[in-house]
Amino acid sequence: MAEETPVTKEFWAEEEKSRYRITWSEDGVEVSITHYPIYPYANYVKKVLRSYYKDGNVCIEVYQVRMSWNGTGRDDILDLCFDDHSTEPPVFMWRSEIEDIESVEDIKEYVKSVAEWFANLMKDVSETMLGTYAR
């Protein structure tokens with residue numbers, strides 16, 4: 001089977017000081033928002049949301065990268081994997097979802113949809129764990 005070509009969408013916002021980028025590939029989906037507070041862009045903060053499959057699990061990773069005169073580095077915020085019992089990947093990992101993105105607002109809505117999926121999953125987990133004992 002031939003490898004599918006990655007899909008990347010990129011938009012600038014906030015008076016060209018923020019770059020919103022989303023990429024779909026067979027490895028998963030990566031959203032990055034890079035803020036360049038000062039020209040000539042020597043300093044920046046890049047926030048990344050990455051979703052991918054690992055060993056049959058849906059994984060979500062969130063981190064930020066800082067590049068500045070006061071220090072650089074990567075801060076890991078979240079790295080979780082969930083056993084995926086469904087036969088299809090979550091909607092936010094579909095190539096067609098990324099192909100439909102046409103603006104910064106679409107990327108923001110995409111990030112919200114991933115957060116909603118995660119919140120719903122955690123709600124299901126709490127209901128399963130507490131079951132009838134929560135009464």
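**Entry 1: K9**

I started with K9, which is buried at a relative accessible area of 17%. The model I am reading is a predicted one. I count K9 as buried because its 17% falls under the 20% cut-off. K9 sits in strand 1, which covers residues 7–13. I then looked for a partner and found that the K9 side chain makes a polar contact with the side chain of E102, at 3.4 Å. Setting aside residues up to four places away in sequence, K9 touches Y20, R21, I22, I98, E99, I101 and E102.

**Entry 2: the whole chain**

Next I stepped back to see the layout. I found 2 helices and 6 strands in the protein chain. Read from the N terminus, the order is β-β-β-β-β-β-α-α. The C-alpha atoms fill a box of roughly 60 × 40 × 25 Å along the principal axes.

I also looked up how much of the chain is covered. Of the 135 residues in the protein chain, 28% are buried. The accessible surface of the chain is about 9,100 Å², and carbon and sulfur atoms account for 52% of that surface. For contacts between residues at least 6 apart in sequence, I noted that 38% join residues at least 24 apart.

**Entry 3: T34**

I went to strand 3 and picked out T34. Is T34 buried or exposed? T34 is buried, with a relative accessible area of 1%. Apart from neighbours within four places in sequence, T34 is in contact with K17, S18, R19, Y44, V45 and K46.

**Entry 4: I60**

My next stop was I60, in strand 5. The relative accessibility of I60 is 3%, so I60 counts as buried. I checked the distance to L78, which is 18 residues away along the chain from I60, and the two C-alpha atoms are separated by 7.4 Å. L78 is also one of the residues in contact with I60; with neighbours within four places left aside, the others are L49, R50, D79, L80, F82, V114 and W117. I kept V114 in mind for the next entry, as V114 is one of the buried residues of helix 2.

**Entry 5: helix 2**

Helix 2 spans residues 104–130. How far does helix 2 reach from its first C-alpha to its last? Its 27 residues reach 39 Å, close to the 39 Å expected at 1.5 Å a residue.

I looked at both ends. At the N-terminal end, S103 is the cap: one of its side-chain oxygens lies 3.4 Å from the backbone nitrogen of E105. Just after the helix, G131 takes a positive phi of about 45 degrees.

Which residues of helix 2 are buried? They are V104, I107, Y110 and V114. I followed their packing and found strand 1, strand 2 (18–25), strand 3 (28–35), strand 4 (44–54), strand 5 (57–68) and helix 1 (95–99) as partners. Strand 1 is where K9 sits, strand 3 holds T34 and strand 5 holds I60, so I would look at these with the helix in view.

Last, I turned to V125, another residue of helix 2. V125 is partly exposed, with a relative accessible area of 33%. I had to check the limits here: V125 is labelled partly exposed because 33% lies between the 20% and 50% cut-offs. Which residues make a nonpolar surface patch with V125? They are M122, M129 and L130, and with V125 the patch comes to about 380 Å².

Conventions
Residues numbered from 1 in each chain as written. Predicted model: local features only at pLDDT ≥ 70, side-chain atom pairs only at ≥ 80, totals over all residues. Heavy atoms only, no water. Helix = DSSP H or I, 4+ residues; strand = E, 2+ residues; numbered from the N terminus. Buried < 20%, exposed > 50% of the residue type's maximum accessible area, 1.4 Å probe, protein only. Polar contact = N/O pair within 3.5 Å; in protein donor to acceptor, adjacent residues only side chain to side chain. Contact = heavy atoms within 4.5 Å. Patch = residues over 30% accessible without salt bridge, like charges linked within 9 Å, V, L, I, M, F, W, Y side chains within 5 Å. Areas by Shrake-Rupley, 256 points an atom, 1.4 Å probe, with all protein chains shown as cover. Salt bridge = Lys/Arg side-chain N within 4 Å of Asp/Glu carboxyl O. Expected span 1.5 Å × (residues − 1).
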